[in-house]
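Trainee: Could we go through the packing of this protein together, one question at a time?

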Amino acid sequence: MTPEVQEPSSKSNYHGVKMLTTVLSSLCILTVAMTLGLGHLYMMAVALAAVPLVSYAVGKRMLTGLSVRREVVDVAWDGQPAVVKLHIHNQGNLPRYFLQAQDSLPPEAQFFEGDGVIPLAVPARGAQTAEYRVVFRYRGRYRVGPLSIRATDPLGMFFFAHHIGEQAEVLVLPTPLPLPAIESLRGALYTTAGVHSAPVRGDSVEFLGIREYTPGDPLRRVDWKHSARYGDLFVRDFERFTQTEICVLLERTDLMRHLPHSFEVMIKAGSSALHLAYHSGLPFRLVLGVPEVDGRPARWSSEQLYEYLHALADVMPGSDIPWHDLVARSVPQMPPGALLILVAASADPRILPALEACHRRQIQTVALLPNVPALDRVSSFVDALHDGEFMRALSAQNVVVIPLHSGGNA
């Protein structure tokens, strides 16, 4: 612990009044003693004058022989309280009373309850554990600390403080948005076995044979020549692809710097998409325009999920790769039957050829589009959700559009 620092008593007028009252009382008694020549009043005046000095010495001693250790989680979620524990150990032979502990928080964080001041009373050769909860309003990396331990004398006339410079780093992950619309979409995309049930057209589809018609088979698959020959309905059966993987693409162009609110909503939507991919049991990957993130192969694991969430916690607007180039590069790497989740804000018609390629290859595409508020809009920016022509183009490519709102509901 660093050397103690005496805090000025002027910080509190109340405590200053205490000191002034004691001094004036001692002077009054001393005046009476000198006027009347009463020796016992001299002793009373001296004793009263010594009281602040004794109280000062006791208060100063309260901060000696203390060791403090902070215990805080390495990873937290934005908007959710995280627990911080303080372990205080008294190495002295006397108990330590009149103590208060308070941590310093970054501007983006606040104490969940109260002002974060924790009263302490540590027994001799003993320890005390105290805790408080802190809420980080935004994702990112933050440092908690330094810690201040304050003490006062028994009469409350003086303040003393230890400042512990040690800080703890906390990585704050983006909390997923609730997206009921994408949950219903998931039910349409997956069977009870968790696989894609829609047939895939194209050269890679293999013919399996002819079988009898069963209710529910599409009429376009009826083999009319075979049916006419045998007098009953028969259909052509093809091999079906299973849902192969999920790819999440997040737009972070330079324009996003002017849309801070919308960009944070998109980050949370990306977190939701990753959680959906993980719970589907399918391999998944994230594309941000960051080589160390984009280069990871699609796989299913909790480690992959949290590696991507860590990336979302740190990512900022601004990419060296244009958004339409990022989409065009990613689509050819996706196998047929994949699910592409676009988290974007801009109405960029240059991504439409890539989405058309998705449609041809039977890659299901979902677009999560923020409802950009007026305070976020800039003159050179056209958001996708309010561009009618762009929305019609998405509809023509069978892209499922899910609006994102700041309140967290789709």
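**Packing in the predicted model**

Mentor: In this predicted model, the buried residues of helix α8 pack against β15, β16, α6 (291-294), β17 and α9 (352-360).

Trainee: Within what arc do the buried residues of α8 fall, seen down its axis?

Mentor: The buried residues of α8, which spans residues 323-330, are Trp 323, His 324, Leu 326, Val 327 and Ser 330. They line one face of the helix, because the arc within which they fall, viewed down the axis of α8, is 160°.

Trainee: Which element gives the largest share of the largest nonpolar core?

Mentor: The largest nonpolar core has 42 residues, and Leu 274, Leu 288, Leu 312, Ile 341 and Leu 368 are those with the most contacts inside it. Among the elements that give two or more residues to this core are β12 (168-173), α7 (302-314) and β18 (364-370). The largest share, 10 residues, comes from α5.

Trainee: How many residues has the other core that lies apart from this one?

Mentor: That other core includes Leu 86, Ile 118, Ala 130 and Val 172 among its residues.

Trainee: Is Gln 397 buried or exposed?

Mentor: Gln 397 sits in the loop between α10 (388-396) and β19 (400-404), and, leaving aside residues up to four places away in sequence, it touches Leu 355, Glu 356 and His 359. Its relative accessible area is 17%, and since residues under 20% are classed as buried, Gln 397 is buried.

How values were computed
Residues numbered from 1 in each chain as written. Predicted model: local features only at pLDDT ≥ 70, side-chain atom pairs only at ≥ 80, totals over all residues. Heavy atoms only, no water. Helix = DSSP H or I, 4+ residues; strand = E, 2+ residues; numbered from the N terminus. Buried < 20%, exposed > 50% of the residue type's maximum accessible area, 1.4 Å probe, protein only. Contact = heavy atoms within 4.5 Å. Core = buried A, V, L, I, M, F, W, Y, C linked by side-chain atoms within 4.5 Å. Arc of directions from axis to C-beta.
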